[in-house]
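Please have the sequence and the coordinates side by side while reading. The paragraphs below move from the handedness of a helix crossing to the sheet and then to the helices around it.

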Amino acid sequence: MVSGELGEGSSSLSAKRKKGNGAVRITSVQLETSGKAIKIVAGGFSFSIPLEKAQRLVESAQRSGVVSKAVPPQREAGAEDNKADAWQDLVQSKAEGATEVLSVFRELCAGGYEFDEEDEFFAALKRLSEEASAEEKALRLCARAEQYSQGLKAKLLAAGYSNECAKAVVALMEARGFVDDTRYAVAWASERARRGGAGPAAVAAALRARGVGEGAIREALCSTDFGRALARALQKELASVLGSSPRDSSAEDSKAKSLSSRQKDQIYRKLKLQGFDPDQIRKFLDEE
């Protein structure tokens, strides 16, 4: 089922006015100034739903018969006619589909129908509104910095969105190409290796801890030049073996050539454990 749509044959929105706990009524509907969304006020809730999604919801409700059952065949004269008159300005819009969408909610509002918060139609309004808000939040986050799926989901959850909503919005961002774990992993690994001198093993562990998938991690490791990171790691290991400061390059240069095979093997094993390429390690050690 497409998010926000009602199941075929659903009749959860009753044709009679409900009374009792949890009953809500649509009291206001208007087209937002952008012309791309409608604002619906119902039972103290305020929903802002993109026009395109609202149109799909209405079409689904019409196919399932929910709207036809909810809209009264005849209106009583007087107060309800006055309510209908108040909608004339609202339905005047150049936005495609706005008139039909607004007219459906006009009927629900003018008819004075009430429904429980558990009703499928009301739940769809809440879900679509939440997803629209979360989508705006996600777009702002993507505009600020490269995002990855698990990280973006965590940020949406921290902002108060439901797990279902966060998951749906992340999937949408991925489908649109705004979120790509491989792209994120490649950029993050390159920056970490260039600035922090982190080796492949450390980079992979950090990405894995962030929830990045193994495929994206492999691509990041293959795409990253760890040459500078290897040089830094080698300098550190040389300093450890030679008993000098990692910054004392002159002391290392004077002693590096005198490294024994045993010392070189020791450095080689340590660097290999850090994930550096064995051939590059040997090359660096031979140059020393």
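A crossing of two helices is called right-handed if the near helix is turned clockwise from the far one by less than a right angle, and left-handed if it is turned anticlockwise. With that convention in hand, and bearing in mind that this is a predicted model, one can say that the crossing of α5 and α7 is right-handed.

The strands form an open sheet of 4 strands in the order β3-β2-β1-β4, with antiparallel pairing. Because β3 and β4 (114–116) stand at the edges and have a single partner strand each, one side of each of them is left without a neighbour in the sheet. Neighbouring strands are turned against each other by 40 degrees on average, with direction ignored.

The hairpin of β1 and β2 has 5 residues between the strands, and G35 in the turn has a positive phi of about 75 degrees. Finally, strand β1 (residues 23–31) pairs with β4 over 3 bridges in the antiparallel sense, with A23 standing opposite D116 of β4.

Two helices can now be placed against this sheet. Helix α4 (residues 98–110) packs on the sheet and touches β1 and β2, its direction making about 150 degrees with that of β1. Helix α5 lies across β1, β2, β3 and β4, and runs at about 65 degrees to β3.

Which kinds of ring pairs does one meet here, and how many aromatic pairs are found in the whole structure? A search of the whole structure finds 4 aromatic pairs. In one of them, F47 and F122 have ring centres 5.6 Å apart and planes at 75 degrees, so the pair is edge-to-face. This pair links distant parts of the chain, since F47 belongs to strand β3 and F122 to helix α5, 75 residues apart.

Helix α5 also meets two further helices. The axes of α5 and helix α7 (residues 163–175) come within 9 Å and cross at roughly 50 degrees, which makes α5 oblique to α7. On the α5 side the contact is made by R127, E130, E131, A134, E135, A138 and L139, and on the α7 side by E164, C165, A168, V169, L172 and M173. These residues divide into 8 nonpolar, no polar and 5 charged.

With helix α6 (residues 149–158), the axis of α5 (residues 120–144) comes within 11 Å and the crossing angle is roughly 130 degrees, so α5 is oblique to α6. Here too α5 passes its partner, α6, in a right-handed crossing. The contact is made by A134, K137, A138 and L141 of α5 together with L152, K155 and L156 of α6, and its residues divide into 5 nonpolar, no polar and 2 charged.

Key
Residues numbered from 1 in each chain as written. Predicted model: local features only at pLDDT ≥ 70, side-chain atom pairs only at ≥ 80, totals over all residues. Heavy atoms only, no water. Axes fitted to C-alpha atoms, helices over the stretch in contact; angles between N-to-C directions. Parallel < 35°, antiparallel > 145°, perpendicular 65-115°, else oblique. Contact = heavy atoms within 4.5 Å. Nonpolar A, V, L, I, M, F, W, Y, C, P; charged D, E, K, R; others polar. Pairing = 2+ DSSP bridges. Phe/Tyr/Trp six-rings, centres within 6.5 Å; stacked < 30°, edge-to-face > 60°.
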